[in-house]
Amino acid sequence: MSRRCELTGIGPMVGHNVSHSNIKTKRRFLPSLKTVKVSSDTLGQTFSLRISNAALRTLDYKGGLDAFIVKARDENLSIAAQRIKRQVKAKLAEQAAA
């Protein structure tokens, strides 16, 4: 399981530990990931996604999974999130046609 957010694509970053004597050693900054069940209003389902805490706050700010995922770029989304996005777009198009 990779350490990458399924919605925003945030992954590990590389930096240095800097000692008092200014010796630098490599380290990794890992994202704060959490497995969360997120519900889709248009599909009426819940999905289990591994997302960062920042993405969870963004979901609340944007108004839920549907509003966020429709505007998200496909390069940032995982394969599972892209599948959810296609389902949501199809359902919204179906509702608009009716």
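In which sense do strand 3 and strand 4 pair, and over how many bridges? I looked it up: strand 3 (residues 33-40) and strand 4 (residues 45-52) pair in the antiparallel sense over 8 bridges. For my own record, pairing of two strands needs at least two DSSP bridges between them.

Ground rules next. I am working on a predicted model, where local features need pLDDT of at least 70 and side-chain atom pairs count only at pLDDT 80 or more, while totals for chains, interfaces and linings use all residues. Residues are numbered from 1 along each chain as its sequence is written, and side-chain values use heavy atoms, with hydrogens and water left out.

**Entry: layout.** I find 3 helices and 4 strands in the chain. Both are DSSP runs numbered from the N terminus, helices being H or I with at least four residues and strands E with at least two. Along the sequence I read β-β-β-β-α-α-α.

**Entry: hairpins.** I went back to strand 3 and strand 4, which form a hairpin with 4 residues between them. In its turn, Gly44 has a positive phi of about 70°. I also noted one facing pair: Val36 has Leu49 in strand 4 as its bridge partner.

Strand 1 (13-18) and strand 2 (24-29) run antiparallel too, joined by 6 bridges. I see them as a hairpin with 5 residues between them. Here Asn17 stands opposite Thr25 in strand 2.

**Entry: Asn22.** Asn22 sits in the loop between strand 1 and strand 2. Its relative accessible area is 48%, so I file Asn22 as partly exposed. My cut-offs: buried is under 20% relative accessible area, exposed is over 50%, and partly exposed lies in between (1.4 Å probe, protein chains only).

**Entry: Thr8.** I looked for Thr8 and found it in the segment before strand 1. Thr8 is partly exposed because its relative accessibility is 24%. Which residues does Thr8 touch, not counting those up to four places away in sequence? I list Ser52, Ala55, Phe68 and Asn76, with contact meaning heavy atoms within 4.5 Å. Thr8 and Ser52 are 44 residues apart in sequence, yet their C-alpha atoms are 8.1 Å apart.

**Entry: Leu30.** I place Leu30 in the loop between strand 2 and strand 3. Its relative accessibility is 42%, so Leu30 counts as partly exposed. Leaving aside neighbours within four places in sequence, I find Leu30 in contact with Arg3 and Pro12. I also checked Leu30 against Gln87: they are 57 residues apart along the chain, and 31 Å separates their C-alpha atoms.

**Entry: whole chain.** The C-alpha atoms fill a box of roughly 70 × 20 × 20 Å along the principal axes. Buried residues make up 29% of the 98. Of the contacts between residues at least 6 apart in sequence, 41% join residues at least 24 apart.
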